[in-house]
Amino acid sequence: MSSGGQPSSSSSSSQYPVLCASFNQDNSGFAISTRDGFKIYDSNTGRLCYERAVGAFIVVEMLYSSSLLAIVGGGEQPSLSPRRLCLFNTTTGTALRELNFLTSVLAVRLNKKRLVVVLQKKTYIYDSNTLTILDAIDTVPNVKGLCAFSPSLDGCFLALPSSTTKGSVLVYNVMELHSHCEIDAHNSPLAAIAMSFNGMYIATASEQGTIIRVHLVSEATKSYSFRRGTYPSTIFSLSFGPSTQLPDILVALSSSGSIHVFSLGLAINQRGRRSSSFLGSLLPDSVNDAFDPAHHRVLHNAVPAGVKSNVVVRKVDKIADTGLSEAVACRATLSVITFNGHFLEYTVNINTQNESKWSLESEFNLLAVVSGEEQHFQLV
């Protein structure tokens, strides 16, 4: 899943050297572009896998670790129109197909069966193999290209804003080609959305950024709420853990430079126990939300404040309880791309006493001159 459900294009980020940044569907690789071209990296090793210096791009989307890319130019050269989507083969270095649109392409999502192209007022669904157009969805003005996509073929959903005045989300079934539901998530317009890999859960944040909500897609009105903070902050990125069932955690990265980790399983199980009680059954959802600080862990100053960044949960490891108070019960690996040109990898260890410990495992300068075919992480 790319960029935790954030738009691939970065028209609002033109002050940064990185124009776009996205992870592939299983977070094993990521792509960035600058005004000079784009680069593909291996998330596990930091190895530069591919580089093409042909000008600026505002969209670079990978299809897992295959040689297929969906790229959209930044418009700084006539040959790199932001209205043209090119399917590009990195092995041959050639364009396979091109799609042209009347307005700029703001975001692209794809899996092995579907290609999604987001414009400001319309979203197109294509068959990935034949490029046959399957549907065209009229949308409210979506100037940021906000969207979220679950690449699993069994629960392949697309989420788009459905209001410009409040935080409503349209959830569309991309395989069956019909609207699935609409979720009224927030009172303020959306700033970030993300979907779990299997399409079971959707996370949302409004422009206020104080509350993160998680919705079960099959029951559009049910939500679990987590308080990020008291003061407003822009949520740059949201990402679920990689579990195919209930994701263990949800992470958010805010404009304050902090990374927030919310324990979904703990919160939802506790919510279920509370709801089954007599008092819990009488409380409205707005009161019966998971605001317990035990579900929320924060790493302050993870990235420079105000710098747009994308975060993903690359893996979550469960560790057997040894009976010791300091024993680690869960270890999550988080990868971050900052639009000022850095890749960072953090781990957060949560022990059996529900205490957490953060560590920066590595940091990599994406803009450094690379000699040869590869460059590895610099351990810190």
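**Exercise 1.** In β18, which residue is the bridge partner of alanine 194? Find it, then place the strand pair in its sheet.

*Solution.* Keep in mind that we are working with a predicted model.

Step 1: Look for the bridge itself. Alanine 194 is partnered with alanine 203 in β18.

Step 2: Widen the view to the two strands. β17 and β18 (residues 201-206) run antiparallel and are joined by 5 bridges.

Step 3: The order β17-β18-β19-β20 makes an open sheet of 4 strands with antiparallel pairing.

Step 4: Finish with the geometry. On average, neighbouring strands here are turned by 20° against each other, direction ignored.

**Exercise 2.** Now try the sheet that holds β9 to β12. What is its strand order, and which strands are its edges?

*Solution.* Step 1: Write down the order. This open sheet of 4 strands reads β9-β10-β11-β12, and its pairing is antiparallel.

Step 1: Find the strands that pair on one side only. These edge strands are β9 (107-110) and β12 (133-138).

Step 2: The average is 15°, with direction ignored.

**Exercise 3.** How many bridges join β10 to β11, and which residue in β11 is the bridge partner of valine 116?

*Solution.* Step 1: Count along the pair. Strand β10 (residues 114-118) is joined to strand β11 (residues 122-127) by 5 bridges, and the two run antiparallel.

Step 1: Pick out the partner. Valine 116 is bridged to isoleucine 125 in β11.

Definitions and conventions:
Residues are numbered from 1 along each chain as its sequence is written. This is a predicted model: local features need pLDDT of at least 70, side-chain atom pairs count only at pLDDT 80 or more; totals for chains, interfaces and linings use all residues. Side-chain values use heavy atoms; hydrogens and water are left out. Two strands pair if DSSP finds at least two bridges between them. Axes are lines fitted to C-alpha atoms, for helices over the stretch in contact, and angles run from 0 to 180 degrees between N-to-C directions.
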